[in-house]
Amino acid sequence: MSDHASEATVPDRPVLLTGASGALGRVLARELGAAGWALRLTDIAPFPDALPAKASFEVADLVDRAAIERLADGCRAILHLGGVSVEKPFEEIIGPNIQGLYNVYEAARLAGARVVFASSNHTIGFHARSTTIDPDSPFRPDGYYGASKVWGEMMARLYWHKHGVESVIVRIGSSFPEPVDARMLATWLSYADLVRLCERAVLAPQVGCCVVWGASNNSRMTWWEGDARDLIGWTPLDSSDSFEAKVGDKTSGDPVVEAHQGGAYVKIGWTRA
Ligand code: 15L
């Protein structure tokens with residue numbers, strides 16, 4: 001029997017899911033809702049799907065601290081997927097991803113809630129694909145979006161050391177229905193593995209402040225190691241390997257893009273000679 005086998009499968013308090021109307025938020029709302037979780041869903045955009053049985057939805061902006069604190073009140077955890085999720089001009093990122101992270105962590109502190117933070121591989125995107133890194137390797141953000149995720153990871157550490165707010169930082173690779181190019185044969189995280197990872201991140205008894213790489217069991221994933229998956233009791237069950245023939249030769253043709261883990265993001269706004 002695993003160490004986690006006797007745990008409950010449903011949290012004893014509601015879970016706040018930010019970014020609920022985004023692609024990954026909708027998957028999590030559907031699957032965690034179907035598993036009987038009480039969910040408070042929020043997003044700046046309307047929720048496009050039918051609400052699961054024990055879910056409510058409220059439009060809120062991450063920069064509205066009072067709204068985020070009210071939504072988090074009484075929650076066991078905040079699954080924080082909200083904010084800008086791709087590279088954008090800095091002015092568009094600063095509100096949701098910088099101020100918003102402060103609001104989320106203040107709300108977590110006041111509620112006594114754990115945060116599951118959807119971070120990104122773009123925090124380390126300038127590491128070479130030929131190297132293997134672990135969570136303590138230096139940050140090498142590949143844009144303003146990646147740098148904002150570094151800020152989020154720093155808030156996680158600050159609130160753990162100063163306030164005892166727990167965080168599972170999930171450095172998501174590429175979570176899509178299926179991999180669409182050769183890079184994603186390494187970075188792909190299936191939706192089912194994402195859901196299982198978020199379940200474990202909420203339900204695991206004690207997590208402190210830890211990092212888990214968000215990639216499925218892909219043979220090409222030789223870039224990342226040494227995370228906290230055993231601590232939370234998560235093992236990826238899916239693999240990109242069966243997509244090798246379909247997308248294995250789909251590359252950008254750009255040597256800089258292909259040399260770095262962050263892929264195309266490293267060349268956005270690039271001005272080096
Ligand atoms: C991310 O962080 C983005 O949210 C997603 O849209 C993809 O670009 C992904 O990284 C990736 O690197 O493939």
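I began with Glu-106, which forms a salt bridge with Arg-109, the closest N and O atoms being 2.8 Å apart (a salt bridge is a side-chain nitrogen of Lys or Arg within 4 Å of a carboxyl oxygen of Asp or Glu). Both residues lie in helix 3, residues 90–111, and are 3 residues apart, about one turn of the helix. I noted 16 salt bridges in the structure.

The model is predicted: local features need pLDDT of at least 70, side-chain atom pairs count only at pLDDT 80 or more, and totals for chains, interfaces and linings use all residues. Residues are numbered from 1 along each chain as its sequence is written, and side-chain values use heavy atoms, with hydrogens and water left out.

Next I looked up the ligand. Its surroundings include Ser-85, His-122, Tyr-145, Phe-176 and Arg-183 (near means that a heavy atom of the residue lies within 4 Å). I sorted the shell into 4 nonpolar, 6 polar and 1 charged (Ala, Val, Leu, Ile, Met, Phe, Trp, Tyr, Cys and Pro count as nonpolar, Asp, Glu, Lys and Arg as charged, the others, Gly among them, as polar).

I then listed polar contacts (pairs of N or O atoms within 3.5 Å). A polar backbone atom of Ser-85 is 2.5 Å from a ligand oxygen atom. For His-122, a polar side-chain atom lies 2.7 Å from an oxygen atom of the ligand. An N or O atom in the side chain of Arg-183 is 2.7 Å from a ligand oxygen atom. The protein covers 81% of the 320 Å² of accessible area that the ligand has on its own (Shrake-Rupley method, 1.4 Å probe).

How values were computed: Polar contact = N/O pair within 3.5 Å; in protein donor to acceptor, adjacent residues only side chain to side chain. Helix = DSSP H or I, 4+ residues; strand = E, 2+ residues; numbered from the N terminus.
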